Amino acid sequence: MKKVKNRWLIAASAVGIHLSIGSVYAWSVFTTPLVEQLGWNLKETQFSFSLAIFCLGISAAFLGHFLEKKGPKISGLLTAIFFGIGMAGSGLAVHLGSIYLLYLCYGLLGGIGLGLGYITPVATLIKWFPDKPGLATGMAVMGFGFAALISSPLIVYL
């Protein structure tokens, strides 16, 4: 007898991934401290977020084929690598006071991780919930939207 995975556990995992990467929408809590402590202007700091969202869209559009070819495990691993390096590199950029390193790490690398991380759970859930595709995609997008609600107060506290 073949063991079947619980599709609701897959859904919970997808929501968890989107809760993690959706923290990008909490960027606004960083802008004032970056402006005040590093002397960057608001336009410079906001460009990091704009670049990340741009890279999210571009990478989601162009890496869909990669996801279909390699599958969600490899795609999820690359999501973690790109997003993780992007976040860690952003910390280094702030420590060094380098706006251009912030653009590279948060905007480019983090943005690529965001795009791949956005499409991986959505595509996976659609396959696990062929009878309820709207519910499946809605759960994933809910996680992405909820992330700012959860991560903003946590980031401020930390």
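This is a short tour of the structure, one selection at a time.

The model is predicted: local features need pLDDT of at least 70, side-chain atom pairs count only at pLDDT 80 or more, and totals for chains, interfaces and linings use all residues. Residues are numbered from 1 along each chain as its sequence is written, and side-chain values use heavy atoms, with hydrogens and water left out.

**Stop 1: the core**

Select Val24, Leu102, Tyr106 and Leu114. These have the most contacts inside the largest nonpolar core, which has 17 residues. A nonpolar core is a set of buried Ala, Val, Leu, Ile, Met, Phe, Trp, Tyr and Cys residues joined through side-chain atoms within 4.5 Å. Buried means under 20% relative accessible area, exposed means over 50%, and partly exposed is in between (1.4 Å probe, protein chains only).

Now colour helices H3 (42–62), H5 (72–96) and H6 (99–128), the elements that give two or more residues to this core. H6 supplies the largest share, 5 residues. Helices here are DSSP runs (H or I, at least four residues), numbered from the N terminus.

Zoom in on Leu102. Beyond its neighbours within four places in sequence, Leu102 is in contact with residues including Trp27, Leu34, Trp40 and Ser90. Contact means heavy atoms within 4.5 Å.

**Stop 2: helix H7**

Select residues 133–157. How far apart are the end C-alpha atoms of H7? They are 37 Å apart, which agrees with the 36 Å that its 25 residues should span at 1.5 Å a residue. The expected span is 1.5 Å times one less than the number of residues.

Next, click Phe146. A kink of about 35 degrees in H7 is centred there. The bend at a residue is the angle between axes fitted to the seven residues ending there and the seven starting there.

Then show the buried residues of H7, among them Met139, Gly143, Phe144 and Ser151. The buried residues of H7 pack against H1 (7–21), H2 (28–38), H3 and H6.

**Stop 3: the salt bridges**

A salt bridge is a side-chain nitrogen of Lys or Arg within 4 Å of a carboxyl oxygen of Asp or Glu. The count is 2.

Select Arg7 and Asp131. Their side chains meet in a salt bridge at 2.8 Å, N to O. Arg7 is in H1 and Asp131 in the loop between H6 and H7, 124 residues apart. Arg7 is partly exposed, at 22% relative accessibility.

Finish at Lys127 and Glu68, whose closest N and O atoms are 3.1 Å apart. Lys127 lies in H6 and Glu68 in H4 (residues 64–70), so the pair ties together parts 59 residues apart in sequence. Lys127 is exposed, at 56%, whereas Glu68 is partly exposed, at 48%.
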